[in-house]
Number of protein chains: 2
Amino acid sequence: MTYTAPILTVDTVVFQMVDARLCVLLITRTNPPFQGRRALPGGYISLGETTHEALQRVLSDKAGIECTTLPLIEQLYTFDTVARDPRGHAVSVTYMALGRDVVLDARATPHQPQFVPVDALPDIAFDHAQIVAYACERLRNKISYTNAIFALLPDYFTLSQLQQAYEAILARPLDKRNFRKKIMSLAMIAETPQMYRDGAHRPARLYRFVHTTLTDTAMF
Amino acid sequence: MTYTAPILTVDTVVFQMVDARLCVLLITRTNPPFQGRRALPGGYISLGETTHEALQRVLSDKAGIECTTLPLIEQLYTFDTVARDPRGHAVSVTYMALGRDVVLDARATPHQPQFVPVDALPDIAFDHAQIVAYACERLRNKISYTNAIFALLPDYFTLSQLQQAYEAILARPLDKRNFRKKIMSLAMIAETPQMYRDGAHRPARLYRFVHTTLTDTAMF
DNA sequence: GCAAAAGTGTTAACTATACACCCATGG
DNA sequence: CCATGGGTGTATAGTTAACACTTTTGC
């Protein structure tokens, strides 16, 4: 039997907070089709490679990111999609990753990786706008019933930072008092003795996450 | 460039209620590996075929089921898995489907399709037990925030039947009065003038679903 | 008349929401 | 002293959960 499988690719939506805004990692395509257009980091899955291995390789090659620095990686959905080259139809396994300390060196690769706010996306290649929209929805759901947001915040953070992250992802304002009451009742975070001083106002208490692995925690 | 993709397969978890129990469709494998063992219906995805097209073909060939008779089909997850033949690693795109009127003809194909209660699964091939467990969990979640259960019930049904379906999927008993109060407040189902008579007891009112497409409806 | 499943309300506990002022700091 | 963001409590409405008896039918 001569079995020929469809082209199989992986595409990843890497989220990170930048200035209290939810941002997604985009690269610039160096090859046709969509050469010069921005896109999600992605590429072929080779024979013998798992989807996760391909993801690691692609993020490392195209954005200089090591997967081990991303505290949360989760598969999203598998799209039947247009191929990257004219051979026709392809299948793309998509992943979502959350980061907090990712520093990009836009000159280290020709792909110019950068974080772009999800509420101000440029015109991106393939069906990647759809994938980003799906990832945003998944993330919104995920932070509502797990502690997934830990993966987007630094080890020590203020309640205002935490609230801003929730607000950016949910795309709606939250009441400060109700938010604090709720979050403290969940045993998801713990007070630390440290304070954060920043500008002409009262210093803020710093908190940390009790668990830095994914845990069920009904927030909303 | 000579690009060789991993082997790509599709596997489907088809659910149906049988005697108030949640059942899953299994076939018997006619080829190695796991020849003679039961398994989810599945097979190769060919070049040029979408995952959904492959799913249709596989269900038709191996179980005699036309996809158009399944009111709800949803992609589950894509597993890196063992290959069906010794060439090594494969990628399996899995789907969940819900049915209500599926009648199987176990003699029409050599695959002996049959519905088996999920709480009494035999030893099944590959990583299919894991896939069924994942599908059950997804279904449990899905019926909690959508009307997905419509796809498992006949057009006309009693409140007891509906409650039994929820109980079978959630694997816990529900309070009859609270259940009825809740379901009636959701505008998910509507009374019909018909009654269902069955045995030596009071006849039951028949209801129908207001929507027979997937709709958001917070049930639990 | 009896066995079997259908049908029906109330109360208490909990959860979610709305809302406004004082505090600590730097300049 | 003033501008800035940090921090705090209460009252109401809505939701969930617990619980037992009467009705209608076939035999």
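Trainee: Which residues in α3(B) do L139(B), R140(B) and I143(B) in α2(B) meet?

Mentor: Happy to start there: this is a predicted model, where local features need pLDDT of at least 70, side-chain atom pairs count only at pLDDT 80 or more, and totals for chains, interfaces and linings use all residues. Residues are numbered from 1 along each chain as its sequence is written, while chains are lettered from A and ligands numbered from 1 in the order in which they are written. Helices (H or I, at least four residues) and strands (E, at least two) are DSSP runs numbered from the N terminus, and two residues are in contact if their C-beta atoms, placed from the backbone, lie within 7 Å. On the α3(B) side, the partners are Y166(B), I169(B) and L170(B).

Trainee: How many residues of that contact of α2(B) with α3(B) are charged?

Mentor: Ala, Val, Leu, Ile, Met, Phe, Trp, Tyr, Cys and Pro count as nonpolar, Asp, Glu, Lys and Arg as charged, and the others, Gly among them, as polar. The contact of α2(B) with α3(B) has five nonpolar residues and no polar ones, and the number of charged residues is one.

Trainee: Are α2(B) and α3(B) parallel or oblique to each other?

Mentor: Their axes (lines fitted to C-alpha atoms over the stretch in contact, with angles from 0 to 180 degrees between N-to-C directions) lie 9 Å apart at an angle of about 140 degrees. Angles under 35 degrees count as roughly parallel, over 145 as roughly antiparallel, 65 to 115 as roughly perpendicular and the rest as oblique. The two helices α2(B) and α3(B) are therefore oblique.

Trainee: Which helix gives the most to the surface near DNA strand C?

Mentor: A residue is near the strand if its C-beta atom, placed from the backbone, lies within 6 Å of it. DNA strand C is surrounded by 22 residues, 10 of them charged. At least two residues each come from α4 of chain A and from α3, α4 and β9 of chain B. With four residues, the top contributor is α4(B).

Trainee: Which element of chain A gives the most to the side that touches chain B?

Mentor: Across the interface, 22 residues of chain A are in contact with 21 residues of chain B. On the chain A side, β1, α1, β5 and β6 each supply at least two residues. The leading element, with four residues, is β5(A).
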